[in-house]
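Hi,

Here is the structure I promised to pass on. Have a look, and my notes follow below.

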Amino acid sequence: MSLAQELENNQETIKDITENVILPPGDLYSDEPPLETELHLEQIMLLLKCLKWLWRDRNDFYAAGNLTIYYSHKKRKDEQFRGPDFFVVLDTERKTRKSWVVWEEDGKYPNLILEILSESTVNTDRGLKKNLYQNTFRTPDYFWFDPYTLEFAGFHLVDGKYQPLEPNNQGHLWSQQLELYLGIYQGLVRFFTPQGELVPTPEEIAESERQQKEIAQQKAERLAAKLRELNIDPDTI
């Protein structure tokens with residue numbers, strides 16, 4: 001055997017060992033490809049931002065986007081893994097993770113998953129992934145959304161099978177797991193409270209507070225001007 005052949009065989013052996021090795025806890029990094037479009041990123045960031053703000057006082061959940069879920073029964077990194085666009089796990093520790101490794105998380109799978117449809121993933125999201133989340137993950141709430149066509153659908157697990165969710169009068173779909181509605185607002189999926197109120201982003205809250213402060217200031221200035229017309233010094237009141 002030549003030196004070149006021997007080196008090639010050694011490299012193949014090393015590759016096989018690397019792919020099949022069971023890594024120590026915490027060493028499994030996410031292995032997801034880049035997001036397909038800017039809208040995919042915007043949608044994921046919006047959901048994460050709103051839920052984390054709404055549940056800012058809670059430490060019993062984990063929410064992530066475009067992060068690998070490893071679920072191999074053999075605890076192998078080279079088989080049985082998926083990366084949902086957005087998912088939420090309840091009754092778990094709220095902390096930063098490199099990936100979601102089921103066998104390191106007491107066997108927990110996501111309680112809710114949302115996939116963002118695209119031309120290259122639409123058939124997988126509607127078929128293979130839906131079956132996987134139904135039959136293997138047993139994820140109670142599954143949604144998909146197309147930011148270009150605005151196709152939006154949701155399912156809830158009933159007796160082991162996904163049943164389509166019926167929209168309310170506002171076109172929103174109820175998540176039993178999050179106890180929130182999901183619905184389209186300005187072209188993207190947003191969370192809504194049980195009362196139907198939009199869950200805002202921190203930026204939207206800041207802007208609303210700024211506008212309210214500005215309105216209050218304008219009212220105060222108009223009142224002061226009116227008092228001065230009556231020869232009353234507003235500073236003395």
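Starting with helix H2, the buried residues are His40, Gln43, Ile44, Leu46, Leu47, Leu48, Cys50 and Leu51; buried means under 20% relative accessible area, exposed over 50%, and partly exposed in between, with a 1.4 Å probe and protein chains only. Helices (H or I, at least four residues) and strands (E, at least two) are DSSP runs, numbered from the N terminus.

Before you dig in: this is a predicted model, where local features need pLDDT of at least 70 and side-chain atom pairs count only at pLDDT 80 or more, while totals for chains, interfaces and linings use all residues. Residues are numbered from 1 along each chain as its sequence is written, and side-chain values use heavy atoms, with hydrogens and water left out.

The cover over the buried residues of H2 includes S1, S4, S6, S7, S11 and S12. H2 (residues 38–54) lies across S1, S4, S6 (112–116) and S7 (141–145), at about 165° to S1. Contact here is heavy atoms within 4.5 Å; axes are lines fitted to C-alpha atoms, for helices over the stretch in contact, and angles run from 0 to 180 degrees between N-to-C directions.

**The sheet**

Six strands form an open sheet in the order S1-S4-S6-S7-S8-S9, with mixed pairing. Its edge strands are S1 (61–65) and S9 (161–164), each pairing on one side only. Two strands count as paired if DSSP finds at least two bridges between them.

S1 and S4 (residues 86–90) run antiparallel, joined by five bridges, with Phe61 partnered by Leu90 in S4. S6 and S7 run parallel, again with five bridges, and Ile116 has Phe145 of S7 as its bridge partner. S7 also pairs with S8 (residues 152–158), antiparallel over five bridges.

S7 is mostly covered, with five of its five residues buried. Asp141, Phe143 and Phe145 point one way from S7, and Tyr142 and Trp144 the other.

**The cores**

The largest nonpolar core has 26 residues, of which Leu51, Phe86, Val88, Leu114, Leu178 and Phe191 touch the most other members. H2 gives the most to this core, with six residues. A nonpolar core is a set of buried Ala, Val, Leu, Ile, Met, Phe, Trp, Tyr and Cys residues joined through side-chain atoms within 4.5 Å. Apart from it lies another core of 22 residues, among them Val89, Ile113, Phe137 and Trp144.

Cheers
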